[in-house]
Amino acid sequence: MHKDKIDAAFIRYATDILGETNTGLSGGQIVTHCNGYAVDFNVDIPITSSDFGQFGNIVPNKRTALYKNLMAFNGRQQFTIIKELCELPLFQENAQAQEVKKRLFERFPQFSSGPIYIEEHIPTGWERVDRSIEEMKMRLEVADTEEKFQAVGMLGRETLITIAQQVFDSSRHKTLDGVEASPTDAKRMLEAYLQYELKDSSNKAKKWAKSAVDLGNQLTHDRNATKRDAQICLIAVSSIASFIRAIDETSSDNSTFDDLEF
């Protein structure tokens, strides 16, 4: 498998469903969509006519036509095409097509280019934190129920716990209320950390970070969570990860955040 492409087996799986004889795209629709993507991405594709080159001479059926065309694109382009085809009105009630989309995000999140607002998020270098944020993005892309949006919040809370565990030192970071922080008490750990590390800074920075923690916890327990709630949670968790990492990297240099403005 080429590292810059989705593997051929998955492409075949997806095209068998998207080009299925009775419920999939027609030959004409496949060519129309593929030609459009070829122009958008400036890629030469092998099948550009719906007669498939005197039917049977070049490809035996429309599924193979879609497969051969998809194989001409790179991984990010393949991801975008499959995702958008699965989202066509034709497939809205097609459980198999929606399963294709779900598996696409589960197996190939590295090729995702969806508008998740933190597409250019700079990794913190904390492997588990970065992996969790990518998982939140993947889950949000396919979430379509309150339970799935709530699950994004649950993962966000776990990510905040991981962030807190990376930086919290009970010998230095005393909790605000004097209650010992448990290993999973992200709120107390982060509040204590920020109170100590930003002791000479404006309260605005500390309040902002505290709000991100509260937001993740709130969404976790919200039975009516919406896509917007989940998006905001993702943005908050990603932002606080970068924020805490910046403090952690500069604290050893005796740097301060006196000039931060929010």
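Q: Thanks! And how do the residues lining the largest pocket divide up?
A: Keep in mind that this is a predicted model. The lining has nine charged residues, four nonpolar and two polar.

Q: Which ones lie nearest the pocket's centre?
A: Of the 15 lining residues, those are Lys102, Val142, Ala143, Asp144 and Lys148.

Q: And which elements do the lining residues come from?
A: The elements giving two or more residues are α5 (95-107), α6 and α7. The top contributor is α6, with five residues.

Q: What's the volume of that pocket?
A: About 370 Å³.

Q: OK, new topic: the largest nonpolar core. Which members touch the most others?
A: Ile163, Leu194, Ile240, Phe243 and Ile244 do, out of 39 residues in that core.

Q: Which helices build it?
A: Two or more residues each come from α6 (127-142), α7 (146-167), α8 (186-197), α9 (203-220) and α10 (227-251). The most come from α10, which gives ten.

Q: Let's zoom in on Ile244. What is it in contact with, leaving aside neighbours within four places in sequence?
A: Ile244 is in contact with Trp126, Ile163, Val167, Leu190, Tyr193 and Leu194.

Q: How many residues are in the other core, apart from this one?
A: That other core has 30 residues, including Phe73, Ile82, Val100 and Phe105.

Key. Residues are numbered from 1 along each chain as its sequence is written. This is a predicted model: local features need pLDDT of at least 70, side-chain atom pairs count only at pLDDT 80 or more; totals for chains, interfaces and linings use all residues. Side-chain values use heavy atoms; hydrogens and water are left out. A nonpolar core is a set of buried Ala, Val, Leu, Ile, Met, Phe, Trp, Tyr and Cys residues joined through side-chain atoms within 4.5 Å. Buried means under 20% relative accessible area, exposed over 50%, partly exposed in between (1.4 Å probe, protein chains only). Helices (H or I, at least four residues) and strands (E, at least two) are DSSP runs, numbered from the N terminus. Contact means heavy atoms within 4.5 Å. On a 1 Å grid over the protein atoms alone, a cavity is a set of points where a 1.4 Å probe fits but cannot get out, and a pocket is an open set with protein on both sides within 12 Å along at least five of seven lines; lining residues have an atom within 4 Å of a point. Grid points are joined across faces, edges and corners, and a volume is the space filled by probe spheres set on the points. Ala, Val, Leu, Ile, Met, Phe, Trp, Tyr, Cys and Pro count as nonpolar, Asp, Glu, Lys and Arg as charged, and the others, Gly among them, as polar.
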